[in-house]
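Student: I've just opened this one and need a quick tour. Can we go through it piece by piece?

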Amino acid sequence: MVSIEYSPNARARCQACRDKIAKGDIRVCAKSGAPVSRNGGYTNQYHHAECYTNRKDFTSLWGFYKLDKEDQKKFMTEEQKRKHFPPPPPGEDVKRNANAADCTDQNTVAKKQKKSGDVFSITGLKYAEASATTGDKVTLRREPENMYDANAVKVLNGYGQLIGRIDKSKAAILSPKMKKLEEECHKQQLKMVVEGTIASGGDGYQQLVEVVFKKIPMKTIASTAKPSAKSATARIIPNPYAKSATASKSNDC
């Protein structure tokens with residue numbers, strides 16, 4: 001059997017020119033015609049592909065089509081090149097290049113159109129009143145009355161239930177920014193709303209949220225319908241371990 005391959009090392013010597021075959025060069029491996037040992041072993045004889053003259057058609061060698069296409073063309077006739085690598089139809093190259101450019105433009109536009117929101121980490125999930133899943137809409141509000149951190153920013157769902165708070169290190173930057181934007185919007189008779197979209201399911205301790213800042217006219221906020229108290233109450237999950245607000249009175253016998 002005769003095969004053609006890339007030389008994995010530089011140990012073999014060409015049987016024709018007697019020079020070493022460098023690693024990565026294309027070589028032809030031919031097994032000896034007769035066994036050289038009693039157990040039927042054969043020896044391999046290596047040649048540079050350019051030095052091998054016993055075969056006119058290299059395309060029939062074992063492993064030929066594992067070579068790179070450009071290296072295959074070196075050992076093909078013009079007829080074989082036309083058969084295995086037919087030229088594209090007229091105008092196909094122009095069409096292909098146009099499609100590639102169109103795809104590049106679409107990817108560029110898609111990246112520009114992608115919402116560029118800031119991503120923050122929500123902490124304190126185990127102390128929350130409700131949970132949120134990926135894709136849920138939330139609202140962020142400053143919490144200056146927080147006795148532990150005046151820069152605290154709480155995250156609420158659509159029913160006003162606490163989901164968690166922005167990580168303390170990020171809240172120290174986010175809260176002053178929110179306050180500054182609120183003051184600017186107030187001068188313009190606008191309302192600054194910080195909305196977010198839950199970006200991950202969380203691990204029980206932290207959860208990611210993508211935040212965007214919106215400026216809404218006061219009239220729009222006044223006309224926006226709020227969720228009914230009934231529906232809001234329906235979403236609140238009571239704590240079975242909480243004590244009742246009014247103690248039950250025992251009946252006198």
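**The helix and the barrel**

Tutor: Start with α4. It lies across β4, β5, β6, β7, β8 and β9, running at about 150° to β8. Keep in mind that this is a predicted model.

Student: OK. What do β4, β5, β6, β7, β8 and β9 close into, and in what order?

Tutor: A barrel of six strands. The order is β4-β7-β6-β5-β8-β9, and the pairing is antiparallel. On average, neighbouring strands of this sheet are turned by 45° against each other, ignoring direction.

Student: What holds strands of a sheet together in general?

Tutor: Strands pair through backbone hydrogen bonds, either parallel or antiparallel.

Student: Give me one pair here. How many bridges join β5 to β6?

Tutor: Four, and the two strands run antiparallel. Look at Thr-139 for an example: its bridge partner in β6 is Leu-156.

Student: Back to α4. Which of its residues are buried?

Tutor: Ala-171, Leu-174, Ser-175, Met-178, Leu-181 and Cys-185.

Student: And what do the buried residues of α4 pack against?

Tutor: Strands again. They pack against β4 (118-123), β5 (137-142), β6 (153-156), β7 (162-166), β8 (190-198) and β9 (206-217).

Student: How far apart are the end C-alpha atoms of α4, and what span should it have?

Tutor: They are 29 Å apart. The helix covers residues 168-187, so that is 20 residues at 1.5 Å a residue, which should span 28 Å. The two values agree.

Student: Fine. What comes just after α4?

Tutor: Gln-189, with a positive phi of about 55°. Gln-189 is not a glycine, yet it takes that positive phi. It is placed in the loop between α4 and β8.

Student: Is Gln-189 buried or exposed?

Tutor: Exposed, because its relative accessibility is 62% and the cut-off for exposed is over 50%.

Student: Is Ser-7 buried or exposed?

Tutor: Ser-7 counts as buried, because its relative accessibility is 3%.

Student: What is Ser-7 in contact with, leaving aside neighbours within four places in sequence?

Tutor: Ile-21, Ala-22, Lys-23, Gly-24, Asp-25 and Arg-27. There is also a polar atom of the Ser-7 side chain 2.5 Å from the backbone oxygen of Asn-9.

Student: What about Arg-18? Where is that?

Tutor: In the loop between β1 and β2 as well. Arg-18 is partly exposed, with a relative accessible area of 44%.

Student: You mentioned Arg-27. What does Arg-27 form a salt bridge with?

Tutor: Glu-5. The closest N and O atoms are 2.8 Å apart. The pair links distant parts of the chain: Arg-27 sits in strand β2 and Glu-5 in strand β1, 22 residues apart.

Student: How many salt bridges does the structure hold?

Tutor: Eight. Another one joins Lys-74 and Asp-71, with the closest N and O atoms 3.3 Å apart. Both residues lie in helix α1 (residues 69-74), three residues apart, about one turn of the helix.

Student: Last thing. How many helices and strands are in the protein chain?

Tutor: Six helices and nine strands. Of the 253 residues in the chain, 28% are buried. Take contacts between residues at least 6 apart in sequence: 52% of them join residues at least 24 apart.

Notes. Residues are numbered from 1 along each chain as its sequence is written. This is a predicted model: local features need pLDDT of at least 70, side-chain atom pairs count only at pLDDT 80 or more; totals for chains, interfaces and linings use all residues. Side-chain values use heavy atoms; hydrogens and water are left out. The expected span of a helix is 1.5 Å times one less than its number of residues. Buried means under 20% relative accessible area, exposed over 50%, partly exposed in between (1.4 Å probe, protein chains only). Contact means heavy atoms within 4.5 Å. A polar contact is a pair of N or O atoms within 3.5 Å; within protein, one must be able to donate a hydrogen and the other to accept it, and residues adjacent in sequence count only if both atoms are side-chain atoms. Two strands pair if DSSP finds at least two bridges between them. Axes are lines fitted to C-alpha atoms, for helices over the stretch in contact, and angles run from 0 to 180 degrees between N-to-C directions. A salt bridge is a side-chain nitrogen of Lys or Arg within 4 Å of a carboxyl oxygen of Asp or Glu.
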